[in-house]
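I opened this model to note its folds, its cores and the contact between its chains. My entries follow in the order of looking.

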Amino acid sequence: MRDMDQLIDDWCTRAVASHPELEAHIDELADHLGCVAAKYTASGFDRSESFSRALEELGDVDQLANQFRSAARQSQLARNVRCLARTRRAELAVSVAWIVMSLGWAAAMIGIEDSLNWMLAGWILTTFGPLSAIGIWLARREEDANNVADA
Amino acid sequence: MRVPKDLMAASATPLVLSLLHREDSYGYELIRNIRTLSNGELEWQEGMLYPLLHRLEQNGMIESYEGTADNGRKRKYYRLLPKGLKDLAEQRRSFERISGLLDQVTTFNPGVSHA
């Protein structure tokens, strides 16, 4: 099978040279070509004919590269949607905490005498302040995790 | 009977996940197995399968690991992950619902004509 291996390796070199995006998949494609070619060789075809038929089954390399590109784009899009969904959850937690805190602050300013005003404001801040901080920390942690995953 | 192209595309993901649920496998073997199991009615193209495997791997449904073929070449095997198993169960339910609905609609024949 040495000649067949050489034919396959040459094809791989040319394929990667014309479509660098295939480099990550080239070993898999080479194995596939080898399997198909071996099937034809076992059926009585000579090596050259077996290799040609294997290439024919594999199809147009431009189209194959396009399909890999398209699959990569779809994967990226799916990942972005997932990240967005995760980040949105953390943002929502922060927003709710801020809204509740603002409403509490406004209610305190409007409805209660000065001495109680500051006590209530202090209570609201000590309760919802940490909540907001936790929300922000969660959002940032998720963003960092997303950045690491993207890298 | 040839399976229409759009139905073949829609069924490819659950079929790949099902095949990997049976055992770890690699691209050529998946194509060969699906051809055998469908009595030649499903002919997957390499240009369809490999990008699909890549996408499923990116989405965390399957993972690949390296092995060696008999001829000494590197071989990429795939195995099913828990997320893929969960997705397979959901897709199986969806197909069963559609199949059930199809049965229901085709057996329902009130004989009303709007002509």
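**Chain A.** I counted five helices and zero strands in chain A. Helices here are DSSP runs of H or I with at least four residues, strands are runs of E with at least two, and both are numbered from the N terminus. From the N terminus on, the elements read α-α-α-α-α. I then checked burial: 17% of the 151 residues of chain A count as buried. A residue is buried if 20 or more other C-beta atoms lie within 10 Å of its own, exposed if 12 or fewer, and partly exposed in between, with C-beta atoms placed from the backbone. In chain A, residues 24 or more positions apart make up 57% of the contacts with a separation of 6 or more. A contact means C-beta atoms, placed from the backbone, within 7 Å.

**Ground rules.** The model is predicted, so I note that local features need pLDDT of at least 70 and side-chain atom pairs pLDDT 80 or more, while totals for chains, interfaces and linings use all residues. Residues are numbered from 1 along each chain as its sequence is written, and chains are lettered from A and ligands numbered from 1 in the order in which they are written.

**Chain B.** I found four helices and two strands. Along the sequence chain B follows α-α-α-β-β-α. Buried residues are 22% of its 115 residues. For chain B, the share of contacts with a separation of 6 or more that join residues 24 or more positions apart is 51%.

**A helix pair in chain B.** How do α1(B) and α4(B) pack? Their angle is about 130° and their axes are 9 Å apart, with α4 covering residues 82–107. Axes are lines fitted to C-alpha atoms, for helices over the stretch in contact, and angles run from 0 to 180 degrees between N-to-C directions. The two helices are therefore oblique to each other. That class is what remains after under 35 degrees (roughly parallel), over 145 (roughly antiparallel) and 65 to 115 (roughly perpendicular). From α1(B), the residues B:Thr13, B:Pro14, B:Leu17, B:Ser18 and B:His21 take part, and they meet residues of α4(B) including B:Gly84, B:Leu88 and B:Phe95. I sorted this contact into five nonpolar, five polar and two charged residues. Nonpolar covers Ala, Val, Leu, Ile, Met, Phe, Trp, Tyr, Cys and Pro; charged covers Asp, Glu, Lys and Arg; the others, Gly among them, are polar.

**B:Leu17.** Outside four places in sequence, B:Leu17 touches B:Met61, B:Leu80, B:Gly84, B:Asp87 and B:Leu88.

**Cores.** I looked up the largest nonpolar core and got 27 residues. Such a core is a set of buried Ala, Val, Leu, Ile, Met, Phe, Trp, Tyr and Cys residues joined through C-beta atoms within 7 Å. Among those with the most contacts inside the largest core are A:Leu33, A:Val36, B:Leu17 and B:Ile62. α2(A) gives the largest share of this core, six residues. A second, separate core has five residues, including A:Leu22 and A:Phe68.

**Chain contact.** Chain A brings 22 residues and chain B 18. On the side of chain A, α2 (26–42), α3 (47–58) and α4 (61–111) each supply at least two residues. α4(A) gives the most, with nine. By class, that side has nine nonpolar, nine polar and four charged residues.

Most residues other than glycine have a negative phi. B:Asn39 has a positive phi of about 55° and is not a glycine. B:Asn39 sits in the loop between α2 and α3 of chain B. Buried or exposed? With 8 C-beta neighbours inside 10 Å, B:Asn39 counts as exposed.

Terms used: Contact = placed C-beta atoms within 7 Å.
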